[in-house]
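Me: I would like to go through a protein model by question and answer, starting with the whole chain and then turning to individual residues. Please keep each reply brief and end it on the value or name requested.

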Amino acid sequence: MRDKELYARILGLEKPWQVSDVNLDMKAGEVTIHLERIPGAELLCPECGKPAPGYDTRQRKWRHLDTCQYHTMLSAEVPRVECKEHGVLTVLVPWAEPEGRFTALFESLAIDWLKEASTDAVARLLGVSWNAIDGIMQRAVERGLARREAAAPTHIGVDETAFRKRHDYVTIVSDQETGAVLHVADDRKKQSLKDWYGGLSEDSLGGIESVSMDMWKAYITATLESVPGAESKIAFDKFHVGGYLGKAVDQVRRQENKALLAEGRPDLKGTRYDWLTNPANMTRDQKIRFRDLKTSALKTARAWGIKQLAMSLWTYSSPTWAKKAWDRWYSWAIRSRLEPVKKVAKTIKEHLWGIVNAIVLEVSNGPAESINSRIKSIKVRSRGFRNKTRFANAIYFHLGGLNLYPEAVGP
Ligand SMILES: [Zn+2]
């Protein structure tokens, strides 16, 4: 008798439910708590909440949190009612969601642990199968996405991230202000991004003030065709621009190093990372060594100088001044006689409108990039995903800013 009261208290059971029996199976290391309804208690339709006559009952079992290292199961005959309006339905129980095989507390604990550890590890720790824990995770995301209110972000970032192989990408749309992932699209094509925009209301689309992105044609066209006034809202991100210029500097260095080595000059040998490192992050020794290199007459030094100047042109408040400064930069870059640099310079000139937008709007893909690095660590932890849906759901689970927990909170 006493253990019945104890379990009722542990479970926080409320009328009309009570503990009818407790069975301890020492061999199996399992406690089963039998629950029953107080006889004669009123039954309610789960749809409308109105009293309804009983129809039949079904035996159900739920895995609950362990008590003193014993696996703990709840067991109950759950009635079905026959509502005049809604037909035959199973009544709600306060400890689990309809159809759930675990109590809400068990699922909540699994969700908390999944935030810190892999599905494998959580399955092991809780003593259930990988599929069971994966199911809890997938349901949590479904629940979270269904609860999420319609997105009305002001500043968004669009970026790509690799799925499995090098050339298999997904597109991530994020809210730059909250850092939440709003959408994961299957590929990086124009139509996928258009589809997402298409799901927003006209008000939401009009409310978008900036879209930060790489100079990627599919994203540009999708945004131009979907967001009103996009010509002044699309912002090309500084770090992507810097990335192209960095690659150009590296190409110049490789060509020049080859030519110099042929003449027996090792000037550029072993300097690859010096040119790629932001001078602000260099050690004292690196700085001293690099000072001579960057002021040398080498082509690589010239390419590097052009890149550095470009990276310093992101702080204008007037679009006119920003454009003037970039035009001057372009005429230097295009006369540099460095083919890789000239090529990037042309791309930049074509996209200057969006660079000027980025400068004036003061937006960058910084927040999106931090999402990207968190996605990388999710990938490492899960050691890969079987398919893109699982990959997308893991991103929503960890970075979607969703309310993942089951509705029923106790017991
Ligand atoms: Zn009803």
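This is a predicted model: local features need pLDDT of at least 70, side-chain atom pairs count only at pLDDT 80 or more; totals for chains, interfaces and linings use all residues.

Me: What radius of gyration does the chain have, and what would a compact globule of 411 residues have?
Reply: Along its principal axes, the C-alpha trace spans about 95 × 50 × 30 Å. A compact globule of 411 residues would have a radius of gyration near 22 Å, but the value for the chain is 30 Å.

Me: What percentage of the residues of the chain count as buried?
Reply: The accessible surface of the chain comes to about 22200 Å², and carbon and sulfur atoms account for 51% of that surface. A residue counts as buried when its relative accessible area is under 20%. Of the 411 residues, the share that counts as buried is 46%.

Me: How far apart do the centres of the positive and negative side chains lie?
Reply: The chain has 62 positive side chains and 51 negative ones. The centres of these two sets are separated by 10 Å.

Me: Is S212 buried or exposed, and which side chain makes a polar contact with the side chain of S212?
Reply: S212 is placed in strand 9, residues 210-213. Its relative accessible area is 0%, and therefore S212 is buried. Beyond its sequence neighbours, S212 touches residues including I156, Q176, A235, D237 and V363. The polar contact of its side chain, at 2.5 Å, is with the side chain of N365.

Me: Is D274 buried or exposed, and with which side chain does the side chain of D274 make a polar contact?
Reply: D274 belongs to helix 9, residues 272-276. Because its relative accessibility is 3%, D274 counts as buried. Leaving aside neighbours within four places in sequence, D274 is in contact with M282, Q286, R289, F290 and L293. Its side chain makes a polar contact, at 3.2 Å, with the side chain of R289.

Me: Where is T67 placed, and which side chain makes a polar contact with the side chain of T67?
Reply: T67 is in strand 3, residues 54-67, and a relative accessible area of 15% means that T67 is buried. The C-alpha atoms of T67 and Y7 are 60 residues apart along the chain and are separated by 9.7 Å. Apart from neighbours within four places in sequence, T67 is in contact with Y7, V31 and T72. The polar contact of the T67 side chain, at 2.7 Å, is with the side chain of T72.

Me: Is K233 buried or exposed, and which residue has its backbone oxygen 2.9 Å from a polar atom of the K233 side chain?
Reply: K233 is placed in the loop between helix 7 (217-226) and strand 10 (234-236). Its relative accessibility is 13%, so K233 counts as buried. Not counting residues up to four places away in sequence, K233 touches residues including I208, V211, V227, N357 and L361. The backbone oxygen that lies 2.9 Å from a polar atom of its side chain belongs to P228.

Me: What separates the C-alpha atoms of K233 and A262?
Reply: K233 and A262 are 29 residues apart along the chain. Their C-alpha atoms are separated by 49 Å.

Me: Is E177 buried or exposed, and how far apart in space are E177 and I371?
Reply: E177 lies in the loop between strand 7 (169-175) and strand 8 (181-185). Its relative accessible area is 55%, so E177 is exposed. Leaving aside neighbours within four places in sequence, E177 is in contact with T154 and H155. E177 and I371 are 194 residues apart in sequence, and their C-alpha to C-alpha distance is 12 Å.

Me: What is the phi of E99?
Reply: E99 is in the loop between strand 5 (87-90) and helix 2 (104-114). At 66% relative accessibility, E99 counts as exposed. Although E99 is not a glycine, its phi is positive, at about 70°.

Me: What is the phi of E362?
Reply: E362 lies in the loop between helix 14 (352-361) and helix 15 (366-382). With a relative accessible area of 73%, E362 is exposed. E362 is not a glycine, yet its phi is positive, at about 55°.

Terms used
Residues are numbered from 1 along each chain as its sequence is written. Side-chain values use heavy atoms; hydrogens and water are left out. Helices (H or I, at least four residues) and strands (E, at least two) are DSSP runs, numbered from the N terminus. Buried means under 20% relative accessible area, exposed over 50%, partly exposed in between (1.4 Å probe, protein chains only). A polar contact is a pair of N or O atoms within 3.5 Å; within protein, one must be able to donate a hydrogen and the other to accept it, and residues adjacent in sequence count only if both atoms are side-chain atoms. Contact means heavy atoms within 4.5 Å. The radius of gyration is taken over C-alpha atoms; the globule rule is 2.2 Å times the number of residues to the power 0.38. Accessible areas come from the Shrake-Rupley method with a 1.4 Å probe; for residues, only the protein chains shown count as cover. Lys and Arg count as positive and Asp and Glu as negative; His and the chain ends are not counted. The place of a charge is taken as NZ of Lys, CZ of Arg, CG of Asp or CD of Glu.
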